[in-house]
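Here are some notes to accompany a first reading of this entry. Please keep the sequence and the structure open beside them.

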Amino acid sequence: MTELLSPQAPQDIKRAVDLIKSGQLVALPTETVYGLFGLALENHVVKSIYDVKHRTYDHALNLNISNFDEMKFFSQNQPKYLEKLYNKFMPGSLTIILEANEKVPSLVNNGMKTVGFRVPANQTTLAILRQTGPLVGPSANLTGNPSPKTAQNVLTDLNGQIAAVVKADESISGIDSTIVDLTGKTPIILRQGALTLREIIEEIKDDI
């Protein structure tokens, strides 16, 4: 059975970190929905996420990171305004698409030239990310089902198939993150979510 862990219990957070580091899958809350998290740099872990979710390999995954240096480490040809955008909106409901470099595993981005980056604005999940390193974390549901906003939603789909669920101690909006592509001359919104293009442009207009 899938373990249910409390964000208020230090031993439970350590348990979640240990499970993830050992290659297990753990559902963690973000400010938008619950994500199914596993080690991004271990191909067998990434493959297990595709398998558990019944997700096809042509649907690329994002890298969930905890700091700006990790974003730079896995990307190249970044726009000069990237750090300004990061400092303003991340952690938060923003997914940034950048040109990938050779350090990004092909299973993560399906061999594409780009990769998405996300920094969840949930303090528990962020603390776990700081201890595990980059994780993949698509929504913790079976592909095609509604994205989960409660631990029970996760268990309805995935009980017994993943190691643990960490309960949310902060509000979950259910609103998707905004996906913005920064590989061109100007930012392009690929999916409208919590943030608008106007807000993004306003922050970086002097640097475009």
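The points below take up the basis of the model, its pocket, an annotated domain and a pair of helices.

1. This is a predicted model, in which local features need pLDDT of at least 70 and side-chain atom pairs count only at pLDDT 80 or more, while totals for chains, interfaces and linings use all residues. Residues are numbered from 1 along each chain as its sequence is written, and side-chain values use heavy atoms, with hydrogens and water left out.

2. The largest pocket holds about 680 Å³ of space, a pocket being an open set of points on a 1 Å grid where a 1.4 Å probe fits, with protein on both sides within 12 Å along at least five of seven lines. It is lined by 34 residues, of which R55, N62, P138, S139 and R191 are the closest to its centre, and lining residues are those with an atom within 4 Å of a point.

3. Strands (DSSP runs of E, at least two residues) that give two or more residues to this lining include β3 (34-39) and β11 (188-191), and β7 provides the largest share, four residues. By type, the lining of the largest pocket has twelve nonpolar, 17 polar and five charged residues, with Gly counted as polar.

4. UniProt, in an unreviewed entry, places the feature "domain: YrdC-like" at residues 10-195; such annotations may be inferred rather than shown by experiment. The end C-alpha atoms of this span lie 33 Å apart, and the span is 32% helix and 22% strand, helices being DSSP runs of H or I of at least four residues.

How values were computed: Points joined across faces, edges and corners; volume = space filled by probe spheres on them.
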